[in-house]
Amino acid sequence: MSAQTIAPGLFDQVSNIQNFNAVTACNSSTYSPIACIFAPMHYASVEHIGKSFGIRTLFKDISFHIEEGDKIALVARNGTGKSTLLKIIAGLDQPDEGTVWVHKDIHIVMLQQEQDFDLSKSVLDNIFRMDHPVVQAVREYELFVESGSDDHETLGKLVAKLDDLNAWSFESNIRQVLGKLNIHKVDERMGRLSGGQKKRVALAQSLMEAQLHDGHCLLILDEPTNHLDVSMIEWLEEYLAAQKTTLLLVTHDRYFLDAVCNEIIEIDEGKVYVYTGNYDYFLEQKALRHEVQQSELQKDRNIYRKELEWMRKQPKARTTKSKSRQDAFAVIEDRVKQKQETSEMSLQVKMTRLGGKVLEMKKVYKQFGNLPILKGFDYTFKKGERIGIVGKNGVGKSTFIRIALQLEEPDSGKVNHGETVVFGYFGQEGLEYTEDKRAIEYVKSLAEFFPLNDGSKISAGQFMEKFGFSAEQQFTMLSKLSGGEKRRLHLLSVLFLNPNFLVLDEPTNDLDLQTLRTLEEFLLDYPGCILIVSHDRYFMDRLVDHLFVFEGNAVVRDYPGNYSQYREEAAKQESQSAAKAKPTAAPESAQAETPAKKKLSFKEKFELENLEKDLPRLEKEKAELEQKMNANPPFEELQKLAARMSVLLQDLDAKETRWLELSERVS
């Protein structure tokens with residue numbers, strides 16, 4: 001509630017207690033009842049929880065808290081149980097140990113990696129499965145309209161119910177959000193949608209359900225940017241940043257994280273670290289933490305060497321006097337052995353030399369039905385080029401890559417590969433294997449060693465360590481790896497074959513932030529050609545020299561710069577176009593020819609009549625509440641009055657806006 005909406009007699013009290021913590025305000029000697037009402041609510045607590053699958057421990061002794069208004073990004077390695085942790089908080093899974101407490105008034109909405117839909121029903125029917133009075137009221141109204149009944153009494157009741165629930169905008173909001181996510185056919189059966197479309201429907205459903213419970217909702221999003229193109233991600237950024245919803249999410253998109261989140265919780269080696277700030281601040285503080293840890297580790301190693309020498313000199317029958325020193329040695333030994341230095345990717349790749357001819361695409365045409373993908377595309381790739389491919393979903397980016405690799409035939413035109421080119425293709429299909437074997441065995445089946453530029457080589461196991469596979473994970477069966485670990489192993493296996501032309505189709509999906517940094521460091525030093533399709537703007541900005549921008553209808557623009565530069569230029573052009581298109585004041589004769597405004601429908605007339613009845617009633621109630629609040633009532637009653645005032649003011653504001661809109665159309 002803003003200061004303007006509080007009764008005058010309470011304003012001074014409220015202004016004095018801004019920024020108070022709820023516990024401090026309610027327990028201090030300067031107790032203020034208003035502070036307790038308006039202090040942020042404690043939403044949830046995770047206390048010392050742990051989870052294992054068989055002999056594999058995902059996490060242990062994890063604790064953190066979520067307060068009202070928090071927008072938290074959860075950061076951890078693939079395979080450390082991020083998705084499992086989110087499910088435990090949402091009540092969809094149980095921890096092996098510890099407790100999760102969620103405030104009884106909080107509604108949790110979770111977007112999972114896999115969503116359960118009724119594939120035989122339409123998009124809209126699946127969304128209307130939400131258990132909420134507004135959704136049920138809209139559904140009843142929709143069914144009545146579809147029936148074609150002329151029962152005005154029933155219609156009046158349904159309209160009144162929608163009005164009472166302030167539900168008129170729900171369906172239009174759903175359609176608007178689906179439109180932004182490029183799902184336009186709401187009557188389409190879910191079974192006919194692609195995997196990416198289903199994920200976007202699930203995202204829209206989660207956003208709308210959170211909006212319905214906007215008062216007290218914890219929205220949990222597991223990789224919400226997967227299957228979204230860049231324009232959708234930018235819209236989602238703006239949407240979530242503007243919402244008051246408390247948010248907990250896992251994302252690999254660093255620009256998205258910066259735009260949406262105000263806090264980062266990292267799980268690293270079983271411990272929790274909390275950072276209040278953006279991604280760059282997180283990296284800075286993490287680097288400082290690692291410096292301190294390495295300094296402590298070096299001290300431990302020096303002590304360990306001295307104590308080890310002492311232990312070796314001791315006779316077998318040690319006295320009880322040295323027992324404490326022996327115990328201390330055991331503790332130091334454990335610390336030294338457990339704290340391994342994290343090796344960053346720094347490999348001087350030895351690859352096959354690229355000849356003068358790399359890849360040529362001459363007058364290439366491709367069309368699917370009525371959808372043109374390429375019209376006479378012509379380009380000759382040069383040695384060392386780094387090209388990014390961007391564009392909306394469905395414009396043919398992946399098809400272009402498959403044609404370039406000669407995995408798919410063009411309708412006409414030529415695609416020529418140089419004799420020395422060795423392609424490494426990382427596609428969206430994921431890791432493919434017929435036999436369930438250990439991860440290390442899978443990599444060794446490709447090659448035993450990875451050659452370096454200085455003539456040396458590293459083993460398959462050492463290469464896997466560079467990509468975050470511990471000795472234990474290397475011997476995990478392929479079928480037991482998490483989705484993110486399988487993506488990481490697939491990427492690793494492509495790089496391990498030492499190609500000189502890398503083609504990466506959405507390589508950042510499902511990869512954790514640490515693996516992304518490792519991949520970026522590898523690619524920054526990579527001397528070969530790179531062709532990347534990605535919606536990760538941070539990733540593209542760091543790696544590419546220029547872009548192929550797929551603008552739709554087979555238009556492919558070659559832009560000399562990275563994604564941020566392209567968007568900056570596009571925004572300027574849009575602004576200039578809008579300024580040119582802005583009409584000047586029309587003469588009176590022209591204004592007189594303006595077509596009449598659209599008349600109100602029956603439903604809108606009914607709505608306007610009800611608004612004209614409701615507004616005086618709400619204004620009267622507001623005045624009564626202000627009188628009661630100024631009379632210094634007991635705290636419990638004051639709390640109830642303040643809560644009702646908050647709801648009332650929101651209702652008044654919405655209804656006044658709608659009344660003005662309808663009244664203007666009538667006049």
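Reader: Which residues of helix α9 meet which residues of helix α10?

Author: On the α9 side they are R200, L203, L207 and Q211, and they meet M232, W235, L236, Y239 and L240 of α10. Contact here means heavy atoms within 4.5 Å. By class, this contact has seven nonpolar residues, one polar and one charged. Ala, Val, Leu, Ile, Met, Phe, Trp, Tyr, Cys and Pro count as nonpolar, Asp, Glu, Lys and Arg as charged, and the others, Gly among them, as polar.

Reader: What should I know about the model and its numbering?

Author: This is a predicted model, with local features needing pLDDT of at least 70 and side-chain atom pairs counting only at pLDDT 80 or more, while totals for chains, interfaces and linings use all residues. Residues are numbered from 1 along each chain as its sequence is written, and side-chain values use heavy atoms, leaving out hydrogens and water.

Reader: At what angle do α9 and α10 pack, and how far apart are their axes?

Author: Axes are lines fitted to C-alpha atoms, for helices over the stretch in contact, and angles run from 0 to 180 degrees between N-to-C directions. Helix α9 (residues 195-212) and helix α10 (residues 230-242) pack at about 10 degrees, with axes 13 Å apart. They are therefore roughly parallel to each other (under 35 degrees; over 145 is roughly antiparallel, 65 to 115 roughly perpendicular, the rest oblique). Helices (H or I, at least four residues) and strands (E, at least two) are DSSP runs, numbered from the N terminus.

Reader: And how does helix α8 pack with α9?

Author: Helix α8 (residues 170-180) packs with α9 at an angle of about 145 degrees, their axes 10 Å apart. F170, N173, I174, V177 and L178 of α8 touch V201, A204, L207, M208, Q211 and L212 of α9. That contact has nine nonpolar residues, two polar and no charged ones. L207 and Q211 also take part in the contact with α10.

Reader: On to rings: how many aromatic pairs are there?

Author: A pair of aromatic rings is described by the distance of the centres and the angle of the planes. Searching the whole structure gives 21 aromatic pairs (rings of Phe, Tyr and Trp, its six-membered ring, with centres within 6.5 Å; planes under 30 degrees apart are stacked, over 60 edge-to-face, the rest tilted). F377 and F400 form an edge-to-face pair, 5.1 Å centre to centre with 80 degrees between the planes. F377 lies in strand β11 (residues 371-381) and F400 in helix α14 (residues 397-404), so this pair ties together parts 23 residues apart in sequence.

Reader: Are F377 and F400 buried or exposed?

Author: F377 counts as buried at 9% relative accessibility, and F400 counts as buried at 0%. Buried means under 20% relative accessible area, exposed over 50%, and partly exposed in between (1.4 Å probe, protein chains only). F377 also forms an edge-to-face pair with F548, at 5.5 Å centre to centre and 80 degrees between the planes. F548 sits in strand β19 (residues 546-552), 171 residues from F377. Ring pairs link F377, Y379, F381, F400, F423, F501, F548 and F550 into a cluster.

Reader: How many helices and strands does the protein have?

Author: There are 24 helices and 20 strands. Of its 667 residues, 46% count as buried.
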